[in-house]
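Colleague: Please show me how to read this model. Where do we begin?

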Amino acid sequence: SRRIACTPKDQLSLTHFSATIRKKRAGGFPMIRDICKDEFFLSQKAEPATADDLAIAQDLLDTLAAHKDGCVGMAANMIGVNKSIICFDNDGKYMIMLNPEIIKRSDPYETEESCLSLLGGPRKIKRYKKIRVQYQTLDFKIRTKTFEGWTAQIVQHEIDHCNGVLI
């Protein structure tokens, strides 16, 4: 498959996407979902996202925005939907990825993370300073993007959720 880098247009389409989904909802209000804490459900590998799941992506974005003070990323299973969708803070702008997959990683390190879905304090985990991710945009175009540092750590955590991996 051909790989195309993520463009600023992809980021801008998120605003259009949100406006379109909200128009379809009664009153155009955000849908903030409860956080799932069921470890059995969270440990299931997510099903691929399809065009029928775009409203779930919007719910995920709305829920993340509602929890922005204590959360920087979410996967769909965190709102009780077993689909491969993540949303995260990408240097101050939210980004949604459908069916993300890490295709390259480098510079491993040990760190501690917490999770809104899991009880207890921070847990030790191995992460990579730099990752390359292949994913689909909201219009299902395949893209690849490289992340480094804190954003790479967030993306790894959320992709782990899609793979049923708990920290």
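**A hairpin first**

Modeller: Start at the hairpin of β2 and β3: 2 residues lie between the strands, and D91 there takes a positive phi near 55°. A strand here is a DSSP run of E with at least two residues, and a helix is a run of H or I with at least four; both are numbered from the N terminus. This is a predicted model, where local features need pLDDT of at least 70 and side-chain atom pairs count only at pLDDT 80 or more, while totals for chains, interfaces and linings use all residues. Residues are numbered from 1 along each chain as its sequence is written, and side-chain values use heavy atoms, leaving out hydrogens and water.

Colleague: How do I read a positive phi?

Modeller: Most residues other than glycine have a negative phi. D91 is not a glycine, yet its phi is about 55°. D91 is found in the loop between β2 and β3.

Colleague: Is D91 buried or exposed?

Modeller: D91 is exposed, because its relative accessible area is 68%. The cut-offs are under 20% for buried, over 50% for exposed and partly exposed in between, with a 1.4 Å probe and protein chains only.

Colleague: Where is D107, another residue with a positive phi?

Modeller: D107 sits in strand β3. Its phi is near 60°, and D107 is not a glycine. With a relative accessible area of 47%, D107 is partly exposed.

Colleague: Now the whole chain. How many helices and strands are there?

Modeller: The protein chain has 4 helices and 5 strands. From the N terminus on, the order is α-α-α-β-β-β-β-β-α.

Colleague: How do I read the sheet?

Modeller: Strands of a sheet pair through backbone hydrogen bonds, either parallel or antiparallel. Two strands count as paired if DSSP finds at least two bridges between them. Here 5 strands form an open sheet, ordered β1-β2-β3-β4-β5, with antiparallel pairing. The edge strands, β1 (73-75) and β5 (142-148), each pair on one side only. On average, neighbouring strands are turned by 35° against each other, direction ignored.

Colleague: How many bridges join β2 and β3?

Modeller: β2 and β3 share 6 bridges and pair in the antiparallel sense. For D89, the partner in β3 is Y94. Next, β3 pairs with β4 (residues 123-136) over 12 bridges, again antiparallel. There L98 has Q136 as its bridge partner in β4. Then 7 bridges join β4 to β5. V133 is partnered by K145 of β5.

Colleague: Which helices pack on this sheet?

Modeller: Helix α3 does, touching β1, β2 and β3. Its direction makes about 40° with that of β2. Helix α4 (residues 149-162) packs there too and touches β1, β2, β3, β4 and β5, at about 85° to the direction of β4. Touching means contact, with heavy atoms within 4.5 Å. The axes are lines fitted to C-alpha atoms, for helices over the stretch in contact, and angles run from 0 to 180 degrees between N-to-C directions.

Colleague: How can I check the length of a helix?

Modeller: The expected span is 1.5 Å times one less than the number of residues. The 14 residues of α4 should span 20 Å, and its end C-alpha atoms are 20 Å apart, which agrees.

Colleague: Is α4 mostly covered or mostly open?

Modeller: Mostly covered: 12 of its 14 residues are buried. Among them are I154, I159 and C162. Their cover includes α2 (39-42), β1, β2, β3, β4 and β5. After α4 comes G164, whose phi is positive, near 75°.

Colleague: What is a nonpolar core?

Modeller: It is a set of buried Ala, Val, Leu, Ile, Met, Phe, Trp, Tyr and Cys residues joined through side-chain atoms within 4.5 Å. The largest one here has 25 residues; I56, L60, M74, I85, C87, I96 and L98 have the most contacts inside it. The elements giving two or more residues to this core are α3 (54-66), β2 (85-90) and β3 (93-113). α3 gives the largest share, 6 residues. Apart from that core lies another, of 17 residues, including I86, Y128, I154 and C162.

Colleague: Which residues does L98 touch?

Modeller: Leaving out residues up to four places away in sequence, they include A49, L54, I85, Y135 and F140.

Colleague: And what share of the whole chain is buried?

Modeller: Buried residues make up 47% of its 167 residues.
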